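Please look over the sequence and the model before reading on.

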Amino acid sequence: MHSRTVYLDALLLGSVQRDHIDELTDGLSGVFDGPKLARRVSALERHIATFRSTYWRQHLTAHGPANELLLSFQTQYRLAERFDEILAEAADYARLVQTQESQQIAGALGVLTILGLPVGTALSILQVLGAEGTVALTVALVAALAATALVLTTRYGRLVLSSLRGGEPGD
């Protein structure tokens with residue numbers, strides 16, 4: 001009945017919205033497939049932003065039957081609820097990626113601390129003692145590496161290494 005009226009644009013926009021929401025839902029379901037989660041979540045967020053700015057309209061005109069027809073179409077296919085669910089799930093994935101990146105940064109800083117502190121201390125001791133030569137430097141570096149290896153076997157060291165791998169501390 002409405003295909004012969006001037007309100008075809010409302011039905012077409014509703015159909016386009018439904019198709020894009022279906023695409024976004026498919027994209028969300030495949031976000032954990034394969035490596036580089038951060039890149040896939042970022043692409044998904046760009047896709048959502050493009051959809052929102054281009055197609056996600058709730059009104060075509062200031063008032064009238066076209067708006068009612070569009071809102072009826074959106075209600076029939078639950079487009080608003082589905083889009084809200086997509087936004088919530090994408091936000092969860094973005095928080096997950098941010099947490100993983102924060103853990104990796106903290107792990108890298110922990111490794112720098114675990115490696116840098118013994119080496120810096122050993123070199124400072126050599127300087128204070130006035131020891132020179134490759135033998136003293138080699139002994140100091142071996143002692144620093146032994147201290148680093150010892151620290152890496154502690155709970156803190158395992159935690160730092162697991163955060164670099166992106167795993168849990170008990171893994």
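**Overall form**

The structure is a predicted model. Its secondary structure consists of six helices and zero strands, and the order along the sequence reads α-α-α-α-α-α. Along the principal axes, the C-alpha atoms occupy a box of roughly 95 × 30 × 20 Å. The radius of gyration is 29 Å, whereas a compact globule of 171 residues would have a value near 16 Å. Of the contacts between residues at least 6 apart in sequence, 69% link residues at least 24 apart.

**Surface and charge**

Of the 171 residues, 25% are buried. The protein exposes about 11200 Å², and carbon and sulfur atoms account for 62% of that area. The charged side chains number 14 positive and 17 negative, and the centres of these two sets are 3 Å apart.

**Salt bridges**

Side chains of opposite charge can pair when their charged atoms come close. The structure contains four salt bridges; the following table lists some of them.

| Pair | N to O distance |
|---|---|
| Arg18 and Asp19 | 3.9 Å |
| Asp22 and Arg82 | 2.4 Å |
| Glu85 and Arg78 | 3.6 Å |

Arg82 has a relative accessible area of 18%, and because buried means under 20%, Arg82 counts as buried.

In the salt bridge between Arg18 and Asp19, the nitrogen and oxygen are 3.9 Å apart. Asp19 is partly exposed, at a relative accessible area of 40%.

The remaining pair in the table joins the side chains of Glu85 and Arg78. Glu85 has a relative accessible area of 48%, which makes this residue partly exposed. Arg78 is likewise partly exposed, with a value of 42%.

Terms used:
Residues numbered from 1 in each chain as written. Predicted model: local features only at pLDDT ≥ 70, side-chain atom pairs only at ≥ 80, totals over all residues. Heavy atoms only, no water. Buried < 20%, exposed > 50% of the residue type's maximum accessible area, 1.4 Å probe, protein only. Helix = DSSP H or I, 4+ residues; strand = E, 2+ residues; numbered from the N terminus. Rg over C-alpha atoms; globule rule 2.2 N^0.38 Å. Contact = heavy atoms within 4.5 Å. Areas by Shrake-Rupley, 256 points an atom, 1.4 Å probe, with all protein chains shown as cover. Lys, Arg positive; Asp, Glu negative; His and termini not counted. Charge placed at Lys NZ, Arg CZ, Asp CG, Glu CD.
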